[in-house]
Amino acid sequence: MNVREATADDSQQIRSVARDSVTDSYSHFLNEKAIETALEQWYGEDIDERLTDENALFLVVEDDDEIVAFSQSELVGDTEGVGRILWLHVEPSQRGSGIGTRLLVRTRKGLLEAGCDQIQAAVLAGNEVGSEFYAGHGFTRAAEREIDIGDDTLTEHVYVESERETGDDWRALEEVMENGDTLYVSYGEPVRGSVAPFYTTYLNADASRRYGWFCGNCNSLDNAMDAMGRIVCNECDNKRKATRWDAAYL
């Protein structure tokens with residue numbers, strides 16, 4: 001998996017992911033005409049302008065050079081420093097794999113690096129899965145606003161990231177199963193690999209007992225670390241270099 005900033009060349013694949021995601025998530029409370037209007041309004045001919053807007057952050061997730069998810073965010077206000085995640089879309093066939101959490105972590109990081117002091121997220125009121133996603137990752141519902149889709153006016157819930165103590169890690173834990181046991185991958189604690197990051201994995205939900213490492217390239221826990229801090233994934237050969245001095249590198 002590779003997360004990167006979107007370019008104008010990605011517009012067609014972004015439209016495709018958006019169509020699949022919106023149809024799957026919203027068809028139970030939006031009719032076909034409203035969905036088509038929404039897709040044209042949000043991802044129509046002006047999408048190239050949105051992708052290059054200096055006050056926007058578009059990130060895409062690639063799997064084998066195919067975009068399977070993307071996030072669209074905006075920077076709100078010159079002095080308030082608010083970063084608002086407008087949309088986080090994942091291909092329905094890819095949901096449940098942790099892609100959404102990884103994308104949320106990278107989107108949050110990008111907004112903080114852009115100077116945002118507060119992270120918000122917007123979810124249409126009828127999207128219960130989306131609301132549960134943000135609530136499960138430390139966001140609190142703080143307000144409502146109305147948005148227009150064609151001739152229709154819909155309610156949108158605004159979520160705000162809960163305040164954290166200074167130095168508190170943003171772990172964003174995701175449950176994975178390994179040999180019948182539940183483990184917890186912390187997408188907020190990555191280390192760089194040669195192909196994709198490795199993520200710290202814990203034995204318990206309060207992240208007090210470390211298990212090992214989760215490969216962000218192939219989603220495998222079959223890897224090993226040596227005394228120098230090198231990690232090698234036995235499934236895809238993703239590697240992390242040594243973290244301490246090693247004469248072998250001379």
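Helices and strands are DSSP runs, numbered from the N terminus, and the legends below use these names for a model that is predicted.

**View 1. Helix H4, residues 99-113.** Helix H4 has 15 residues and reaches 21 Å from its first C-alpha to its last, which is close to the 21 Å expected at 1.5 Å a residue. Because eleven of these 15 residues are buried, H4 is largely enclosed by the rest of the structure; among the buried residues are Ile99, Leu103, Leu104, Val105 and Leu111, and also Arg102 and Arg108. Just after H4, glycine 115 takes a positive phi of about 100 degrees.

**View 2. Tyrosine 159 in strand S7, residues 152-161.** Tyrosine 159 counts as buried because its relative accessibility is 6%, under the 20% cut-off. Aspartate 181 lies 22 residues from tyrosine 159 along the chain, and their C-alpha atoms are separated by 32 Å.

**View 3. The largest nonpolar core, with 25 residues.** Ile14, Trp42, Tyr43, Phe70, Trp87 and Leu124 touch the most other members of this core. The elements that give two or more residues to the core include helices H1, H2 and H3 and strands S2, S3, S4 and S6, and the largest share, six residues, comes from H2. Setting aside neighbours within four places in sequence, tryptophan 87 is in contact with residues including Tyr26, Trp42, Tyr43, Phe70 and Leu124. A second, separate core of 21 residues includes Leu103, Ile119, Ala121 and Tyr159.

Notes:
Residues numbered from 1 in each chain as written. Predicted model: local features only at pLDDT ≥ 70, side-chain atom pairs only at ≥ 80, totals over all residues. Heavy atoms only, no water. Helix = DSSP H or I, 4+ residues; strand = E, 2+ residues; numbered from the N terminus. Expected span 1.5 Å × (residues − 1). Buried < 20%, exposed > 50% of the residue type's maximum accessible area, 1.4 Å probe, protein only. Core = buried A, V, L, I, M, F, W, Y, C linked by side-chain atoms within 4.5 Å. Contact = heavy atoms within 4.5 Å.
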